[in-house]
Amino acid sequence: MSKVYVFLADGFEEIEGLTVVDLMRRAGIEVTTVSIKEDTAIEGSHHILLRADTTFGNCDFSDADMLVLPGGGLGTKNLEKCEPLGKLVTSYCEKGGKIAAICAAPRVFAGLGLLNGKKATCYPSVMEELTGAVKSEDAVVVDGNITTSRGLGTAIDFSLELITQLISKEKADEIAESVVYKR
């Protein structure tokens, strides 16, 4: 079974983070939501309160098959400020591990130098900040072990692409059909 960590910060875009969690769990993928704070209480960008499964400090991530960053303006700023997360993502990506980000969060990858020469996408107003990237307006972009997506409106496509990578296109199609989503 695949293991995915989804990192949550105050101000994250709820739909982008929770769509990934929901669809992956429907597919049978083990997903752990991780607060980058010292406690599990998280407030989303639309003031929805939730509890992450665990905190960053309580994980070693050695069993990860993928690391996922949801967007949201404030959420992305908080992810960028988390130095341990930046070190983890950089090390994991450089070793060939799959990383994914949606909306403003691909900016975290750009800031870490991970998008240099890579095709990537993000929320339109953040596109200029994808330093070093070959910018695309596609809904979901995969370049090697890095997957990026544009925003809330592409959250299902993003999630289904991640399921395709971790399991199969057939499983992603099955999940799409089960939630009445036409690809």
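In which sense do strand 1 and strand 2 pair? Strand 1 (residues 3-8) and strand 2 (residues 30-35) pair in the parallel sense, over 6 bridges. Within this pair, Val6 stands opposite Thr33 in strand 2. Strands here are DSSP E runs of at least two residues and helices are H or I runs of at least four, numbered from the N terminus; two strands pair if DSSP finds at least two bridges between them.

Before going further, please note that this is a predicted model, in which local features need pLDDT of at least 70 and side-chain atom pairs count only at pLDDT 80 or more, while totals for chains, interfaces and linings use all residues. Residues are numbered from 1 along each chain as its sequence is written, and side-chain values use heavy atoms, with hydrogens and water left out.

The two strands belong to an open sheet of 7 strands with mixed pairing, in the order 5-2-1-6-7-11-10. Its edges are strand 5 (54-55) and strand 10 (140-143), each of which pairs on one side only.

Strand 11 has these two partners:

Strand 10 and strand 11 form a hairpin with 2 residues between them, and Gly144 in the turn has a positive phi of about 65 degrees. Both faces of strand 11 are covered: Ile146 and Thr148 are buried on one side, Thr147 and Ser149 on the other. Buried means under 20% relative accessible area, exposed over 50%, and partly exposed in between (1.4 Å probe, protein chains only).

Now to the core. The largest nonpolar core has 62 residues, and Phe7 and Met24 have the most contacts inside it. Such a core is a set of buried Ala, Val, Leu, Ile, Met, Phe, Trp, Tyr and Cys residues joined through side-chain atoms within 4.5 Å. Helix 5 gives the most to this core, with 6 residues.

Finally, which is buried and which is exposed, Arg107 or Asp60? Arg107, found in helix 4 (residues 106-111), counts as buried because its relative accessible area is 14%. Asp60 lies in the loop between strand 5 and strand 6 and counts as exposed because its relative accessibility is 59%.
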